[in-house]
Amino acid sequence: MPPSTDQKERTDRRERAAGTAALTDGLDRLEAAPADRPAPGGPARRYAARLRTTVTAPALSALALLLLWQGAYGLGLSATLPSPAAVATSLGDARRDGTLWPALGHSLLRTVAGFAVSVVLGTLLGLLIHRVRTARAALAPVLSALQSLPAAGLVPLGVIVFGESEKAVYAVVLLGAVPSVALGVAGALGQIPPLLLRAGRSLGATGPALVRHILLPAALPGLVAALRQGWTFGWRALMTAELITATPLPGVGRLLDSGKENDDTALVLAAVLLVLAVGIVMESALFTPVERRVLRARGLLPAPS
């Protein structure tokens with residue numbers, strides 16, 4: 001007796017469901033295979049391999065730049081360009097006379113303190129701009145204008161308000177970093193899917209609970225980018241403030257100004273290299289690992305092997 005039409009339809013549905021399940025399982029296994037397969041060697045060897053991968057590319061770039069620099073010096077392309085050896089000697093002299101580490105330490109301390117305050121103020125302003133339409137209309141253009149203003153234009157404002165003092169330097173750092181953090185936070189919050197917000201509210205998340213459990217976790221990748229940009233703006237503003245202000249504050253900017261005043265090109269390049277080195281270290285040691293960890297937790301990056 002041939003099967004009925006209903007039986008055929010049920011059989012076809014079961015076969016299609018089984019085929020879909022098999023396909024999904026196969027794709028899951030295929031996608032998970034590289035992450036699940038351990039790399040040869042123990043954890044220490046795998047960590048060393050990842051460290052080599054992280055360090056090799058910047059080291060090769062630095063070596064290529066050093067070779068180009070030495071080549072330009074050897075060919076005499078610039079009458080004022082010092083050799084890499086002369087810059088290294090200038091750094092050594094600054095270390096021996098006790099000016100290198102205090103200058104670097106003071107600059108880092110000012111940037112870290114200013115950046116910490118900028119994160120708090122910028123996050124609060126970003127939340128305010130995102131949540132209150134009137135605040136967004138009033139504050140967003142002002143913050144955008146401040147963000148586009150060169151750091152050299154912020155120094156006279158800080159000096160007028162606080163005089164030639166360290167307070168003026170901190171004011172320049174805040175004026176450079178807070179708008180960037182605030183606009184970055186507001187932009188990250190604005191990209192949260194509305195469905196996620198409705199789901200949070202339906203579960204009873206309102207007010208501070210909505211911010212803590214829904215908004216900030218959902219916007220975390222964008223928040224990391226905002227913090228990175230805020231640090232960059234703050235560090236650049238600090239160097240400008242230390243370089244321009246007349247008060248002899250110890251710092252890398254003052255080291256740069258000393259080289260300029262004494263026509264010591266080697267010291268100027270040494271200070272520039274210090275500025276670049278701090279930026280590279282902060283990027284590679286802090287922001288990039290944090291960003292990778294956040295993206296990996298969201299499934300946007302594969303797990304380390």
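What follows is a tour from the overall fold to single side chains.

**Before you click**

This is a predicted model, so keep the thresholds in mind: local features need pLDDT of at least 70, side-chain atom pairs count only at pLDDT 80 or more, and totals for chains, interfaces and linings use all residues. Residues are numbered from 1 along each chain as its sequence is written, and side-chain values use heavy atoms, with hydrogens and water left out.

**Stop 1: the whole chain**

Switch to cartoon and colour by secondary structure. You'll get 12 helices and zero strands (DSSP runs numbered from the N terminus: helices are H or I with at least four residues, strands are E with at least two). Read along the sequence, the pattern is α-α-α-α-α-α-α-α-α-α-α-α.

Now colour by accessibility. Of the 305 residues, 30% count as buried (under 20% relative accessible area; exposed is over 50%, partly exposed in between, with a 1.4 Å probe and protein chains only).

**Stop 2: a leucine patch**

Select Leu60, Leu63, Leu66 and Leu67 and show a surface. Together these leucines make a nonpolar surface patch of about 390 Å². Patch members have over 30% relative accessible area and no salt bridge; nonpolar side chains (Val, Leu, Ile, Met, Phe, Trp, Tyr) are joined within 5 Å, like charges within 9 Å. The areas come from the Shrake-Rupley method with a 1.4 Å probe, and for residues only the protein chains shown count as cover.

Zoom in on Leu60, which sits in helix H2 (residues 43-75). Is Leu60 buried or exposed? Its relative accessibility is 53%, so Leu60 counts as exposed.

**Stop 3: the aromatic cluster**

Next, pick out the rings. There are two aromatic pairs in the count (rings of Phe, Tyr and Trp, the last by its six-membered ring, with centres within 6.5 Å; planes under 30 degrees apart are stacked, over 60 edge-to-face, the rest tilted).

Select Phe115 and Trp231: the ring centres are 5.5 Å apart and the planes stand at 85°, so this pair is edge-to-face. The pair links distant parts of the chain, with Phe115 in helix H4 (residues 100-131) and Trp231 in helix H10 (residues 220-244), 116 residues apart. Both Phe115 and Trp231 are buried.

Trp231 and Trp235 are stacked, 6.3 Å centre to centre with 5° between the planes. These two tryptophans are four residues apart in helix H10, so about one helical turn separates them. Trp235 is buried, like Trp231. Taken together, ring pairs link Phe115, Trp231 and Trp235 into a cluster.

**Stop 4: around Arg236**

Stay in the neighbourhood and select Arg236 with Phe233. The charged end of Arg236 sits over the Phe233 ring, 4.8 Å from its centre (the rule: NZ of Lys or CZ of Arg within 6 Å of the ring centre and within 35 degrees of the ring normal).

Now which side chain has a polar atom 3.0 Å from the backbone oxygen of Arg236? That is Thr240, also found in helix H10. Thr240 has a relative accessible area of 17%, so it is buried.

**Stop 5: salt bridges**

Side chains of opposite charge can pair when their charged atoms come close. The count here is seven salt bridges (a side-chain nitrogen of Lys or Arg within 4 Å of a carboxyl oxygen of Asp or Glu).

- Glu166 and Arg110: the closest N and O atoms are 2.7 Å apart. This pair links distant parts of the chain, Glu166 in helix H7 (residues 166-190) and Arg110 in helix H4, 56 residues apart. Glu166 is partly exposed at 30%, whereas Arg110 is buried at 1%.
- Arg228 and Glu291: these side chains meet at 3.1 Å, N to O. Arg228 is in helix H10 and Glu291 in helix H12 (residues 265-297), 63 residues apart. Arg228 is buried at 17%; Glu291 is partly exposed at 27%.
- Lys260 and Asp257: the N to O distance is 3.5 Å. Both lie in helix H11 (residues 252-261), three residues apart, about one turn of the helix. Lys260 is partly exposed at 48%, while Asp257 is buried at 10%.

Definitions and conventions. Polar contact = N/O pair within 3.5 Å; in protein donor to acceptor, adjacent residues only side chain to side chain.
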